[in-house]
Amino acid sequence: MGKNDIAVKRWLSDKNRFADLFNGTVFQGKEIVRAEELAPVERESARILTDKNGNLCGLQRYRDIVMRWKGSADLALLACENQDSVHYGMPIRNMIYDGMTYSDQIEQWWKEGQNKLTKAEYLSRCRKDTKILPVFTLVFYYAEAPWDGTLDLYGMFPEHFLGEERSILEKYVPNYHINLVDAARIENPEQFKSDLQIIFSMLKYRNNKKVLKDFVNLHSDYFSNVDPDTYDAIRSFLHSEKQLKLLAAQEKGEGINMCKALEDLYQDGVDAGMERGIEQGIEQGIKQGIEQGIEQGIEQGIEQGIKQGTKQTKHQFSALLSKLLSDNRHSDLEMLASDPSCFEQLCEQYGIS
């Protein structure tokens with residue numbers, strides 16, 4: 001599991017958020033699942049299987065988050081699989097995970113009592129009256145690009161099954177759907193009551209740093225003091241693990257000012273853009289100036305090139321031009337027009353600084 005998945009898993013493992021994720025997705029915002037009714041469940045499922053030759057092989061899977069939902073009685077098992085990229089085999093992957101979770105329940109019932117078993121129960125390793133809980137699995141997807149994989153098992157079958165064979169397929173082959181939560185494209189974020197609402201709303205603007213910064217500042221009452229788990233999750237959501245620095249407040253477990261962190265990120269981008277823009281402006285000015293000088297007259301082109309450079313470049317360029325003209329190095333002038341990167345090399349040759 002990558003760092004992104006670990007940060008998001010830890011963030012969503014909070015019972016209030018986890019309950020809200022299911023309420024907003026499955027129950028249209030109604031508070032059906034309550035945080036106090038949730039209890040973490042062992043994430044590992046493991047099986048020892050025997051093939052027809054008697055050879056043993058192991059099957060082991062780890063789910064991201066699993067919780068038992070208990071009201072007055074056990075109601076269901078709620079699971080969440082986090083994805084920072086599209087998994088094109090997700091229907092089959094979830095089918096295996098859910099199947100192993102069902103198998104875990106049967107095995108638990110089997111361990112709790114094996115008295116007075118019928119032969120069929122013993123061979124099945126399952127009592128006739130064994131009841132298991134339904135498993136609800138959400139796929140929490142938080143990448144920038146839209147999910148372009150299929151959402152069910154049928155979508156992985158060849159296209160000819162979508163024709164006349166479809167009715168046969170539906171009658172004899174059960175479909176398996178995935179419940180996708182595309183965090184950046186939640187249509188009704190107001191259905192979520194926890195901070196999921198504001199985070200899901202924020203993700204709509206993550207490709208525009210200025211709009212993102214404005215959104216965060218508009219909700220400064222929340223973003224000015226986020227907990228370290230939320231800060232780590234936001235870094236993963238924005239794919240800014242390196243740009244958003246590990247703050248001292250985070251190391252101490254204190255609240256973190258996300259407004260200040262994003263302001264620094266935005267300003268770093270502005271500064272980098274300005275620096276690169278100046279470099280490109282100088283190169284473009286030199287190139288355009290020389291090209292126009294050769295075509296329309298050296299004096300006119302140089303004037304245009306100098307205007308788009310810096311004062312230092314103006315001085316260097318004038319000095320270099322005088323040297324090249326006095327030495328009749330017209331070929332170097334043409335080379336300079338086609339490749340401005342040789343500007344510094346020519347200046348070094350003449351000792352121009």
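**View 1. Helix 3 and its buried residues.** In helix 3, the buried residues are Met90, Pro91, Asn94, Tyr97, Asp98, Met100, Thr101, Gln105 and Trp110. Buried here means under 20% relative accessible area, with exposed being over 50% and partly exposed in between (1.4 Å probe, protein chains only). A word on the source: this is a predicted model, where local features need pLDDT of at least 70, side-chain atom pairs count only at pLDDT 80 or more, and totals for chains, interfaces and linings use all residues. Residues are numbered from 1 along each chain as its sequence is written, and side-chain values use heavy atoms, with hydrogens and water left out. Helix 3 covers residues 90-112, and at 1.5 Å a residue its 23 residues should span 33 Å; the end C-alpha atoms are 33 Å apart, which agrees. That expected span is 1.5 Å times one less than the number of residues. Helices (H or I, at least four residues) and strands (E, at least two) are DSSP runs, numbered from the N terminus.

View 2. Ile92, Met95, Ile96 and Met156 make a nonpolar surface patch of about 290 Å². Patch members have over 30% relative accessible area and no salt bridge; like charges are joined within 9 Å, and nonpolar side chains (Val, Leu, Ile, Met, Phe, Trp, Tyr) within 5 Å. The areas come from the Shrake-Rupley method with a 1.4 Å probe, and for residues only the protein chains shown count as cover. Met156 sits in the loop between strand 6 (135-141) and helix 5 (166-172). With 35% relative accessibility, Met156 counts as partly exposed.

**View 3. Strand 6 and its neighbours.** Six of the seven residues of strand 6 are buried, so this strand is largely enclosed by the rest of the structure. Strand 5 (residues 74-83) pairs with strand 6 in the parallel sense, over seven bridges; strands pair if DSSP finds at least two bridges between them. Look for Glu81, whose bridge partner in strand 6 is Val139. Strand 7 (residues 179-182) also runs parallel to strand 6, joined by four bridges. Here Tyr141 stands opposite Asp182.

**View 4. Rings around Phe140.** The structure holds 14 aromatic pairs. Rings of Phe, Tyr and Trp (its six-membered ring) pair if their centres lie within 6.5 Å; planes under 30 degrees apart count as stacked, over 60 as edge-to-face and the rest as tilted. Phe140 and Tyr142 make a tilted pair, because their ring centres are 6.1 Å apart and their planes are at 35°. Both Phe140 and Tyr142 are buried. Phe140 and Phe200 are tilted too, with centres 6.0 Å apart and planes at 35°. Since Phe140 lies in strand 6 and Phe200 in helix 6 (residues 196-203), this pair ties together parts that are 60 residues apart in sequence. Phe200 is buried, at 1% relative accessibility. Ring pairs link Trp11, Phe140, Tyr142, Phe192, Phe200 and Phe237 into a cluster.

**View 5. A few salt bridges.** There are 13 salt bridges in the structure, each a side-chain nitrogen of Lys or Arg within 4 Å of a carboxyl oxygen of Asp or Glu. Among them, Asp182 bridges to Arg185, with the closest N and O atoms 3.1 Å apart. Asp182 is buried at 13% relative accessible area, while Arg185 is partly exposed at 33%. Glu31 and Arg34 also meet through their side chains (3.4 Å, N to O); Glu31 counts as exposed at 54% relative accessibility.
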